[in-house]
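Please look over the sequence and the model below, and then read on topic by topic.

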Amino acid sequence: MCGIIGVSDHKEAANIAFLGLYALQHRGEEAAGIASYDGKNIHLTKSAGLVADAFDEDSLKSLKGKTAIGHTRYSTTGSSNSKNIQPFLVTHRNRPMAVAHNGNLTNTEELYRELEGEGSIFQTTMDSEIVVHLLAKARNGNMKKWFIEVLSQLKGAFSLVFLVEDVLVGARDPQGFRPLCLGKIDQSYILASESCALDLIHAEFIREIDPGEIVFIKNNKIESAYLPGWKKAKKAHCIFENIYFARPDSNIFNENIYQVRKRLGRQLAKEHPVKADFAMSIPDSGNYAAIGYAQELDLPFEVGIIRNHYIGRTFIQPSQFLRDFRVRVKLNPIKNVLKGKKIVVIEDSIVRGTTSRGRIEDLKRAGAKEIHMRISCPPIKFPCFYGIDFPSKKELIASSKSVRETARFIKVDSLAYLSLKGMLSVMKNSGNYCDACFTGKYPVPIPTNTSKYLLEGA
Ligand code: AMP
């Protein structure tokens, strides 16, 4: 998963992009980058690490110009080497352009082979590079036609921002898998993955980019074009954005994420109530559903685990004794709260089950007497091909173990998941979601070669 931002016609374009990326940090912690255009040249800074570490005063100063795009990376295609950090830049016939991409394409291999056969030389192993090669190949005086021709060849999930000289372009696939919204600061337009990025820079939220829409922004003016068939395409917003991925202070897919998660918790309480001494969450991801769960049942809500927000790199080589040091330094249970209690622990989801198992062990060590775990989504049984890094089927615990077996593995007294019907019932437009990770019903055909490192062996 990744976070993207674009800023148009603002004298502080790169600084605004930098601040916006800060708010989008949760969408990718591996690397960050910004490209800007100053009317003549394109400038680029990108580096591995968190946004705060990837830029410094000098690198930000070097990002001159009034138009900029930025990216935070979490690798879902290609390995996490430095070549794969975005924005990705190409100069074609002396005209530079840059792209930043969130989502995964599903026809990567097909497009890659075609382009390679026609002589394209790839610098990275990312599906996103394919987009700029297609653009370079099809360059056309009419920008709308040009982008429609190229983007309609893409299949799968894409929210994109481009810098094409002084034009900022934004686009979303016709299913609207990943979010992308439009905001305004002073007279300048901003594109961002989530509305929390707009809040941070005091920009006004205007609207979401429509699934299948392409926007062209220049001189404080915005024009739209649409991909063929956009209106008829069945919407397939990623439901896992609502459950876990997006920030709770964001509004995406016409919902406020905090409120959605609370509703998920309330529904979970209706389906699987527990008469416990109190409800608690695994912070931070389980917090919001846990509040909803406790409110629905009139249960006390306690903070049984404290999260340490200041974990950087750990320099000590862990010995056997300190093996789980990194895990414990992040989350520490409070013995005085937990000792002798019957608790219900709310978590947003279980993927592999290994983190949950570790947390439960910690809670037991801290003295909890009885532990009941409740999950605010159904069991995740199928991998994602649209941008969430869900492992292969065999690594997903729910694809091979029943709920009872999972409960035994995690070592809880009971375990229950929210039903699919219950989950969808709390979404405003429940028919507009992709729930393939729970159902295996993929709204866009998935590739036959499904490796994250698809282009690396090529
Ligand atoms: P686990 O018990 O190991 O399955 O970890 C569960 C926690 O990891 C939950 O809070 C999940 O939401 C979170 N998580 C979210 N996305 C992923 C992912 N792509 N891979 C692994 N864990 C994830």
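## A hairpin and its surroundings

Strands S9 and S10 form a hairpin with two residues between them, and Asp 186 in the turn has a positive phi of about 55 degrees. Helices (H or I, at least four residues) and strands (E, at least two) are DSSP runs, numbered from the N terminus, and two strands pair if DSSP finds at least two bridges between them. The model is predicted, with local features needing pLDDT of at least 70 and side-chain atom pairs counting only at pLDDT 80 or more, while totals for chains, interfaces and linings use all residues. Residues are numbered from 1 along each chain as its sequence is written, and side-chain values use heavy atoms, with hydrogens and water left out.

**Strand S10**

- Five of the five residues of strand S10 (residues 188–192) are buried, so the strand is largely enclosed by the rest of the structure; buried means under 20% relative accessible area, exposed over 50%, and partly exposed in between (1.4 Å probe, protein chains only).
- Ser 188, Ile 190 and Ala 192 point one way from S10, whereas Tyr 189 and Leu 191 point the other way.
- Strand S9 (residues 181–185) runs antiparallel to S10 and is joined to S10 by five bridges, with Lys 184 having Tyr 189 as its bridge partner.
- Strand S1 (residues 3–7) also runs antiparallel to S10, joined by three bridges, and here Val 7 has Ile 190 as its bridge partner.

**The four-stranded sheet**

- Four strands make an open sheet with parallel pairing, in the order S17-S20-S21-S22.
- Strand S17 (278–281) and strand S22 (414–417) stand at the edges, each with a single partner strand, so one side of each is left without a neighbour in the sheet.
- From one strand to the next, the twist averages 25 degrees, where axes are lines fitted to C-alpha atoms, for helices over the stretch in contact, and angles run from 0 to 180 degrees between N-to-C directions.
- Strand S21 (residues 370–375) pairs with S22 in the parallel sense over four bridges, and Ile 375 stands opposite Tyr 417 in S22.

**Helices beside the sheet**

- Helix H9 (residues 257–271) packs on the sheet and touches strand S20 (342–347), S21 and S22, its direction making about 125 degrees with that of S22; contact means heavy atoms within 4.5 Å.
- Helix H13 (residues 354–365) packs on the sheet as well, touching S17, S20 and S21, and its direction makes about 150 degrees with that of S21.
- In helix H10 (residues 287–297), the buried residues include Tyr 288, Gly 292 and Tyr 293, and the buried residues of H10 pack against H9, S17, S20 and S21.
- Asp 298, which follows H10, has a positive phi, near 60 degrees.

**The ligand**

- The ligand is surrounded by 16 residues, of which the closest are Asp 348, Ser 349, Val 351, Thr 355 and Ser 356; a residue is near a molecule or strand if one of its heavy atoms lies within 4 Å of it.
- H13 gives the most to the shell around the ligand, with three residues.
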